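The following note sets out numbered points on the structure shown below. It is intended to be read with the sequence and the model at hand.

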Protein chains: 2
Amino acid sequence: MHKIIDGKVVAEKVLAECGQEIESLKKAGVVPGLAVVLVGNDPASKVYVGSKVRKCSELGLYSRKIELPEDATQQEVLDVVLDLNADPQIHGILVQSPPPPQIDEDAIVRAINPAKDVDGFHPENVAKLALEDASGFVPCTPAGCMRLLKEAGVETSGAEAVVIGRSMIVGKPMALLLMSKDGNATVTVAHSRTKDLAAVCQRADIIVAAIGMPEFVTADMVKEGAVVIDVGINRVEDSSAKRGYRLVGDVAYDEVVSKCSAITPVPGGVGPMTIAMLISNTIKAARQSLA
Amino acid sequence: MHKIIDGKVVAEKVLAECGQEIESLKKAGVVPGLAVVLVGNDPASKVYVGSKVRKCSELGLYSRKIELPEDATQQEVLDVVLDLNADPQIHGILVQSPPPPQIDEDAIVRAINPAKDVDGFHPENVAKLALEDASGFVPCTPAGCMRLLKEAGVETSGAEAVVIGRSMIVGKPMALLLMSKDGNATVTVAHSRTKDLAAVCQRADIIVAAIGMPEFVTADMVKEGAVVIDVGINRVEDSSAKRGYRLVGDVAYDEVVSKCSAITPVPGGVGPMTIAMLISNTIKAARQSLA
């Protein structure tokens, strides 16, 4: 096992597999298609949407970017989603989060055809994850974390896993994946109300940090030889950096790295996996549309 | 706190609250109605269905028992469910589990109108539980366990809870309830693949045993002062008993009782809560049908 789990390398491997699947789908007459809906002018969202669309065209996927103005109405966004639901060229639909405040994001997610919900946030896909129904779409970030563990040769079965964070984007789906018949880990979900978080983390063979607090997990919280997956991407001020900030994870990497048996860096760990799993979900949607 | 958590007393309290709600619904022109569908001749199922229907009439709920023969087809059961979905007198539908082997139980559950799914097994209600959407129906047994904890004055927030078992009937929903913003517990889900189950249980302030193995949780697995909720109902041979067997839980009650601060007995603990929560869910369905 490599101590530093290189998310870029694993993401490339996933994308290479995707490339082969795209070829075979094209031979069957289907070009997998992803639609990305961007509402408003959030600069970070523009960057994310841009890189998703770029990755699609690199791989030969069909992709479509739909941009709506900052003052778009709920109905306008819904109409775009309903059009995409009905569009046979589109197999995956993603509405970039967060939308402007006048948009009810939950209602938009529920309007997406669950068979095209490649983000895995529609209630039908949430239920499929809990029910261990493999036809559903798993949210990209936890799916990416599971793949990183697998590629790093980490045995989850019987392991003590601690997931820090209980969001529906990462924490809960990650816990459900780890406790499933595939994962077979003994899973603890810790969060802001956990009393002795250090003690809880210390017993973990696998720590998944998804709390959005910079360098929150320190060396004293990590058992010797543990595997650490860092989902956090936080900006911290850094006057020595060109942009005035640097990116750090939820884990104090410099002090934890010497203690654990494997760790994901930030950036270059979980981050690159998210787009790869999105593409993988889109291909799955295209394949399932043939059935 | 009473050391022995008396499920009959708490269930009576829940049913008394239900009685008041039924009166107020009747004044609003609605008699809450529950339909129980029984397929086949399983003797235990007949007993369960009988006591559910009896409890309804005691409380002044409308109830309807639909019996189908052992050799009923999938379509016949589906047709009954679809009729009940459309019936304005019926607010809750329950298909008694397990049906005969020719019946696809998952497909039957998915056919129930989620707004009438008082068992809480429909994917839409599974998702609502994970998403902490209070409009959904929580499965009766874990809902009953949460109420028992509350009535016993057990503070779940910040507590270490260990749920033994990962089924969608009890283990997973119980874990989701305990880790929700209402529960705020630090939750570990343990199961057959957990390596050192005794050590995992020993750290628990609250143990919920739902594995279906008679007297599995022994005193050495329980921390001094822990709260123990026993979901198991297992028959063990007992030649001294009139029926040749006695009922025991998943917890070795006689040796655990002296160690814990509170415990549910079997029978008379979680068991009586299940029907009470079913009635409570039916009333909730009737109330929500007015909105």
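Predicted model: local features only at pLDDT ≥ 70, side-chain atom pairs only at ≥ 80, totals over all residues.

1. G158(A) counts as buried because its relative accessibility is 7%; buried here means under 20% relative accessible area, exposed over 50%, and partly exposed in between (1.4 Å probe, protein chains only). The residue lies in the loop between α6 (140–151) and β4 (160–164) of chain A. Helices (H or I, at least four residues) and strands (E, at least two) are DSSP runs, numbered from the N terminus. Leaving aside residues up to four places away in sequence, G158(A) touches N184(A), A185(A), R193(B) and K195(B), where contact means heavy atoms within 4.5 Å. The C-alpha atoms of G158(A) and A185(A) are 4.9 Å apart, although the two residues are separated by 27 residues in sequence.

2. Residues are numbered from 1 along each chain as its sequence is written, chains are lettered from A and ligands numbered from 1 in the order in which they are written, and side-chain values use heavy atoms, with hydrogens and water left out.

3. S180(A) is a further buried residue, at 8% relative accessibility. Its place is the loop between α7 and β5 of chain A. With residues up to four places away in sequence not counted, S180(A) touches E132(A) and R166(B).

4. How much area do chain A and chain B bury between them? The value is about 2,600 Å², 53% of it on carbon and sulfur atoms; buried area is the accessible area (1.4 Å probe) that two parts lose on being put together, summed over both. In chain A, the residues that lose the most area to chain B are R166(A), K172(A) and M179(A), together 21% of what that side buries. The contact involves 29 residues of chain A and 29 residues of chain B.

5. E132(B) and K172(A) form a salt bridge through their side chains, at 2.9 Å from N to O.

6. On the side of chain A that touches chain B, α5 (123–130), α7 (171–179) and β5 (186–190) each supply at least two residues. The largest share, 5 residues, comes from β5(A). This strand is joined by 3 bridges to β5 (residues 186–190) of chain B, and the two run antiparallel. Within this pairing, V189(A) stands opposite V187(B).

7. An open sheet of 10 strands has the order β10(A)-β7(A)-β6(A)-β4(A)-β5(A)-β5(B)-β4(B)-β6(B)-β7(B)-β10(B), with mixed pairing; two strands pair if DSSP finds at least two bridges between them. The edges are β10 (262–263) of chain A and β10 (262–263) of chain B, each with a single partner strand, so one side of each is left without a neighbour in the sheet.

8. In chain B, β4 (residues 160–164) and β6 (residues 206–209) run parallel and are joined by 4 bridges. V163(B) stands opposite V208(B) in β6(B), and V208(B) stands opposite I229(B) in β7(B). I206(B) and V208(B) point one way from β6(B), I207(B) and A209(B) the other way, and all are buried.

9. Over all chains the count comes to 20 salt bridges. One of them links the side chains of D87(A) and R64(A), at 2.9 Å from N to O. D87(A) lies in the loop between α3 (74–86) and β3 (92–95) of chain A and R64(A) in strand β2 (residues 62–68), so the pair ties together parts that are 23 residues apart in sequence. D87(A) is buried at 16% relative accessible area, whereas R64(A) is partly exposed at 24%.

Notes. Salt bridge = Lys/Arg side-chain N within 4 Å of Asp/Glu carboxyl O.
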